[in-house]
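Open the model in your viewer, with a selection panel and a distance tool to hand, and follow the stops below in order. Each stop names what to select and then what is there.

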Amino acid sequence: MRHLVLSTLSIALLAACAHKVAEEPAEQSADATLDSIEVTGSRVNAQEAARPRHAEVAAAPPMVGMPAPLPPPPPAYAEPNTEKYAEFEDNRVVRTAEQPVSTFSIDVDTGSYSNVRRMLSRGQLPPKDAVRVEEMINYFDYGYPGPANREQPFRVTTALAPAPWDGKRVLMQVGIQGYDVERADIPPANLVFLVDTSGSMATPDKLPLLKESFRQLVPRLRAQDRVTLVVYAGSAGLVLPPTPGDRHGEILDALGRLEAGGSTNGGEGIDLAYAMARQAYLENGVNRIVLATDGDFNVGIYDSRALETKVEDGRKAGIALTTLGFGEGNYNEALAEKLADVGDGNHAYIDTLMEGRKVLVEEMSSTLLTIASDVKIQVEFNPAQVAEYRLVGYENRQLAREDFNNDQVDAGEIGAGHDVTALYELCLVGAGCESSDPLRYAPATAAAPAGGPELAFLKLRYKQPGNERSVLMERPVTRRELQAQAPESLRFAAAVAAYADLLRGGRNMKGFGWDQVEALARDARGDDPWGYRGEFLRLVAQARSLSAVQPADAGVQVNEE
């Protein structure tokens, strides 16, 4: 009898428990959902996202009379990273006897440096193709001397010294410094700000940072300037018609009204921007569209080639295009940089408010006032003195030899106060550093011209603003310029080049690691009023730490167009 009572009591208790569980499904479901919440997004490493969050426990069979256990929470979803970078391979070493001439367009873009900084600051190594060596080097000011007067828009400086990663090799530095102008001397500017307000721009590192960055520029605008604000999302809209630049309150109020939402139709926005630029066009003034976006042109009738054609037509009509990149996850650097190149403008990436000030305040004179256009460099190396050479960077700026003299071929621009740096790595004849064997049936090497042991002959072509015919500058580079100790500017530029090479896999400077890069940069830090070189040292340290534990290229899309 006692056993019967206990059994009856047990069944009653089990039924009560089951009834209580059945009454609280919503509460258990909510608790289970809360327990499974995880932060996801474009910066979640693919391996980390796939890693199980709890130790796996073998499932026990359900007890009789108990409800079936809740199913496990779904796996965390990591938003795919769709950033796009144009694929390229490093310049190869060239034997001078087989190809003595190197020709390329200058490049003043700096977006790669700040974009890579953003990734390193978030604890991720950049994908290889996000690292453009020339943009890394050109982020910094090297203190080159400027021209004596404005009859010549820039001055060229060269330096030769042993390469820090291989004492048998020589680095040749070509530095170009444009003349500077006071803000009051800049011609009136017709500026059309074309702002992406699509839903993808809602995060703090996109539209909010864009607005704060633009606010820093407003006090610098003058009465003779004209400012227009165009936005685009599902459709394009005119937020501020052409307005005198000294109406700071109206301009700031228009910026404050910007909000993100909708999909992106970049083509429609560019149509309206060019229409406004033509409406407010200033003869003998600066006419420029500044496109600010994360580059996510994912909706609309225009493909990238149609956009490029539109920008090229605008350039021919006297309206330049500058692009500013913001944000992460869907940043389309490949398109943003290409449009700036086609539009005779420059591309920058803004990851911090300080970078926004650097681009939109400190360097605005360079952005607005072009002092030389279609600037090309051609170097002819002397095979009697130089066995091999390699151009460091500028892979997407290479030109055919005949393009140098063709004034119809577009090239890069130099703005007021801009400086541009190019590095060549040389193997001199007899130094024992050749990377390949000479051809058996190559023609005999010509002797050096009389008057000195020339290593190379440097030529530059450029156009004065408004002119269709180019001007030629030329000068020899001789062995007498070779120094035992590289000057500070060359040492720091070499450190930046090595840093970029390591981020791309370290194929060109074998044996020169992070410790050597840091030591070289620290020794050449020099005067650093804005702290940019000190920040570079911190980035080197961060990259060194990440390279020990994290592979590059995780989860980033490369645009191979």
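Begin by selecting V131, which, leaving out residues up to four places away in sequence, touches F88, S112, V116, P126, M136, A500, L503 and R504, a contact being heavy atoms within 4.5 Å. V131 sits in the loop between helix 4 (111-121) and helix 5 (133-137); helices (H or I, at least four residues) and strands (E, at least two) are DSSP runs numbered from the N terminus. At 0% relative accessibility V131 counts as buried, where buried means under 20% relative accessible area, exposed over 50%, and partly exposed in between, with a 1.4 Å probe and protein chains only. If you draw a distance from the C-alpha atom of V131 to that of Y85, 46 residues apart along the chain, the separation is 9.3 Å.

Before moving on, a note on the model: it is predicted, so that local features need pLDDT of at least 70 and side-chain atom pairs count only at pLDDT 80 or more, whereas totals for chains, interfaces and linings use all residues. Residues are numbered from 1 along each chain as its sequence is written, and side-chain values use heavy atoms, with hydrogens and water left out.

Now zoom out to the whole chain. Its secondary structure comes to 15 helices and 16 strands, and 50% of its 561 residues count as buried. Among contacts between residues at least 6 apart in sequence, 81% join residues at least 24 apart. The accessible surface comes to about 26,000 Å², with 52% of it belonging to carbon and sulfur atoms, as computed by the Shrake-Rupley method with a 1.4 Å probe, for which, in the case of residues, only the protein chains shown count as cover.

Next, select helix 7 (residues 248-256), in which I251, A254 and L255 are buried. Viewed down the axis of helix 7, these buried residues fall within an arc of 100°, so they line one face of the helix; the arc is that of the directions from the helix axis to the C-beta atoms.

Colour S304, L307, E308, V311, G314 and R315, which are the buried residues of helix 9; they cover an arc of only 120° around the axis, which puts them on the same side of the helix. On the other side of helix 9, R305 and K316 are exposed. Just after helix 9, G318 takes a positive phi of about 95°.

Move to strand 11 (residues 370-381) and select Q378, which counts as buried at 7% relative accessibility. The side chain of Q378 makes a polar contact with the side chain of T103 at 2.8 Å, a polar contact being a pair of N or O atoms within 3.5 Å, where within protein one must be able to donate a hydrogen and the other to accept it, and residues adjacent in sequence count only if both atoms are side-chain atoms. A polar atom of the Q378 side chain also lies 3.2 Å from the backbone oxygen of R401. Strand 11 holds D374 as well, a residue other than glycine whose phi is positive, near 50°, and which counts as buried at 11% relative accessibility.

With 110° about the S-S bond, the link of C427 and C433 is right-handed. C427 is buried at 0% relative accessibility, and C433 is buried with a relative accessible area of 7%.

Finish at D528, in the loop between helix 14 (514-523) and helix 15 (532-547), which is buried with a relative accessible area of 16%. The side chain of D528 reaches the backbone nitrogen of G534 at 2.9 Å.

How values were computed: A disulfide is a pair of cysteine sulfur atoms within 2.5 Å.
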